Amino acid sequence: MPTSATSNHPGRPEGLIGRLNSANIPYEAKLKSLRDLKNQIIGNRTKKIAYLKLGAVPSVVSILSSAASAQGCIGDSREFHDSVLIQSAAAIGSFACGLDAGVKAVLDAGAFPLLLTLISHLNEKVADAGARSLKLIYQSKLAPKYDFLQEKNMEFLLSLLNSKNENVTSLGASIITHSCQSTLEQLALSEAGIIKRLVSLLGGSISQKDASLESLAAVIKGNPEVASKFMGPESGRALNLVIELIKDKHPRTRLLACMCLISIRNTSTSYLQDSGIKSTLVLVLLELLGDPGQVGDEAPFVLSSLITEKEDMQKIAFDANVIDNLCENLNSVSFQAKRLQGTFLALGDLCSELECCRDRVLDSKVLNFITEALVHDSAEVRAATCIFLKNASRSVKNLSAGKFMNEAIAVPLVQRLWDSSTPVQVAALGALCNMVVDFTADKSLFMKCGILRHLVVLSKSMESAIRVSAVWALKNLAFHVSSRCKEEILSELTSATLASLISDPEASVQEQALSLTRNLVDGTLNSVNYVIGEDGDLVHAIGKQLQSTSKAEVLIQGMYTLSNVASGNELHKKAVMTQLLTRAGNDSETLMIKSLQSSDSRLRTATVWTLINLTLPNSPDTSTRVTELWSAGIVSQLKNMVNDPCLDVKLRARMALGQLMMFGDALT
Amino acid sequence: MPVRVVDTSSPSQVSGTTAGNTLPPPCTLLSVGQSFSGTQNVSSLQKDEAWRVNVRIKGCDLDHGYLCGTMEALNVPMADTPVVTFWEGEIVDTKNYTFFTGKWGATAEDDIKHWTKFPSFPPLLSQVEVDGGKSLDLSNYPYIFMRWKEQYFVNVGPDCGLTIAGFYYVCFSCNDGSINGFYYDPNSSPFQKLELKSNNDEKSGFRFSTYELQ
């Protein structure tokens, strides 16, 4: 008989599901099937996935729903119903544990509100099972966001945190960790007295400690006001409790205590700055990097939050040999996604400022792992690898030494420019942007990889972040290259595209496009000729942009471009003169006078260099230009600048004035 | 435009209360991409024995007092090709670095002996003797003092028979972009003089390229 056959093989999934769904078998048998199911899937990802595909979750949720609505039973019947509630809640929790597809199925089947009702169940075991399950759901990003700003929700949260049941209090803390994101939410939680309650949980069980540390980190993160409340005179004790917990015997507690302290110190430059705590944090995390489990997977991320943009912390980490430990991770993890991502992120942070770190990383042969990491299945790993490469290549010394001139890196990195994930694309562009400054005249490695064509296409992207980065990379590619290479760049890009990038709606794109032009026209007279041509359209586009912008960076790059053009022939100089002596719209001043009077000394410097190039004594038409400049009031303006507060401006103004005065006698 | 009139012929000493910038000023002639040409006298006695030298600035980070570039020696007797080295520079900015080297085998006495060979240094001497120049305000001084230390050979192996064990005391003039330097290596002939001029000249005009690392 088929039913008895399946009951003899409780491991066969189809039979088990059949029994859960059957209306004709006794509830006792359903309870047994629930238990079987739960026991099979606990800790077994493969089984979970198999049962998910068979639609086990809606079946279990339906049983939970029926049992929950059959409240009010008495005696044995109540006990039986409670068991069904407990077993179905446990099975649901297990499906949700560590598997996003499981969480999704659980939420789709409507389990969430049912589990919430279990928390207030009279039977403590039922409440406990509900809380455990919800806690597991709240470990996933897919869990629903809890709205703290609704008064009744805050009351409910406080009731959870005040519960005597350990799992219920931990659930409360997990809800905060998952849902607290905005400053407003942090303040609301703080004002509701949550911090005090969380601090009291630090003295509880392991799970309460852990949940509380994680929530405290979330409530304080990036919020100086909440941090100061935590650090206030009454809570000095709280801080000491957290500091004590970085020495706890449980690795996860140590990790979360570090996370909490880092959250506090990152809100202000005055918290936890003494060298003792700094090196303790580094040393605790260093040890946790070696943890073989989840703690070791998360440790590099916590380390990253400790050292990112903090040169002093990076130096302490360097001195503690953190780089060696991270590199060991690369040797031993056989590319597990999460740990690999964290490792590259932390290595990237270490390489962001300090040359000693970059040297150590390169000596550790990290680059040998790059080729494989760049084609990893996980987009997060690919992005982290690119970010690492960007920071590691932020070194003129190593770029000059050709440390990144390696096809095994360049080829897969260039391919990432077309990654399906935008963050990977942007990160790959960032890395290539640095690496193309390879200080060779022909940039042969990158040109051979076809980078030019890719960058030109990306410079027309609709995503402004990609457009900026692509033009930035083109600018770096054009830095001090041979005339032949410049011609290749312009011929692929075309003057028309260059002109349209100069007038892009984004100021940051304009700035990069102007500095790309600046590099293209720095070279022989032929370079200037090739880029500017005879029609002067590009110079006109530059002048127009300079007239219409107020952004200092755009003005500076534009003026240096004009200055480089003014080092060309008489026609080039004439085209520059026209732009500089133009008044835009209702402007009472010319572009040149406005730029000379700018409050930004860098713009004043660039403008005076342009004047110097326009008035070089041995150019045939200088005398005509001097007459025009004199009439435009340039000489009196320059006289005001011979004591400019910026030394560079002052010296150049004197030089320009000297050149102008050589022709001055004829004009006065 | 109203401007502040200051006498910049000599550097001032920072008083205890004045904060603000006392670092050497940024100078466009010492920016990335700028190149210089000149000579290095290999012996201080025989003026004729000089190598032609080209220098190009490749990196500049004023916040960290850092400058780097390449140096190409053209007629080196022992080498078949020009020898290119990569150097890193410390800018004496009184914040990151003082006039005292404190390494590379140079004593404070060696430092003073070399710095005083630059005509622009004497106005600073008395203060440098006190504290290495830490309290000097160099923000308006038209000379920038540096140490350049060669780090590796770019185009030849380390066994090429040449040494880069020493370093250069360098003085850059913001006025005309000229560079003077003295090589210091206890094992080489003393006071080998480096003299360089900015390659921008008044015939072709001044050009400035740029790159930025992300």
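Which residue does A:Arg339 form a salt bridge with, and how far apart are the closest N and O atoms?

Reply: A:Arg339 pairs with A:Asp297, and their closest N and O atoms sit 2.8 Å apart. A:Arg339 is in helix 22 (residues 337-350) of chain A while A:Asp297 is in helix 19 (residues 294-307) of chain A, so the pair ties together parts that are 42 residues apart in sequence. Here a salt bridge is a side-chain nitrogen of Lys or Arg within 4 Å of a carboxyl oxygen of Asp or Glu, and helices (H or I, at least four residues) are DSSP runs, numbered from the N terminus.

Before going on, a word on the ground rules. This is a predicted model, where local features need pLDDT of at least 70 and side-chain atom pairs count only at pLDDT 80 or more, though totals for chains, interfaces and linings use all residues. Residues are numbered from 1 along each chain as its sequence is written, chains are lettered from A and ligands numbered from 1 in the order in which they are written, and side-chain values use heavy atoms, with hydrogens and water left out.

Over all chains, the structure has 28 salt bridges. Between chain A and chain B the count is one, and B:Glu212 and A:Lys475 form a salt bridge at 2.5 Å, N to O. The chain A to chain B contact (heavy atoms within 4.5 Å) draws 53 residues from chain A and 39 residues from chain B. Together the two chains bury about 4,000 Å², with 53% of it on carbon and sulfur atoms; that's the accessible area (1.4 Å probe) lost on being put together, summed over both.

Axes are lines fitted to C-alpha atoms over the stretch in contact, and angles run from 0 to 180 degrees between N-to-C directions. Residues meeting here include A:Leu429 and A:Cys433 from helix 28 of chain A, and A:Trp472 and A:Ala473 from helix 31 of chain A. The contact splits into seven nonpolar, five polar and no charged residues (Ala, Val, Leu, Ile, Met, Phe, Trp, Tyr, Cys and Pro are nonpolar, Asp, Glu, Lys and Arg charged, the others, Gly among them, polar).

Elsewhere in chain A, helix 13 (residues 194-201) and helix 10 (residues 151-161) have axes that come within 10 Å and cross at roughly 20°. Helix 10 of chain A and helix 13 of chain A are therefore roughly parallel to each other. Their contact counts seven nonpolar, no polar and one charged residue. Helix 11 (residues 166-179) of chain A packs on helix 13 of chain A too, at about 130° with the axes 11 Å apart. Helix 11 of chain A and helix 13 of chain A are therefore oblique to each other. A:Thr169, A:Ala173 and A:Ile176 of helix 11 of chain A meet A:Ile194, A:Arg197, A:Leu198 and A:Leu201 of helix 13 of chain A.

How values were computed
Helix = DSSP H or I, 4+ residues; strand = E, 2+ residues; numbered from the N terminus. Parallel < 35°, antiparallel > 145°, perpendicular 65-115°, else oblique.
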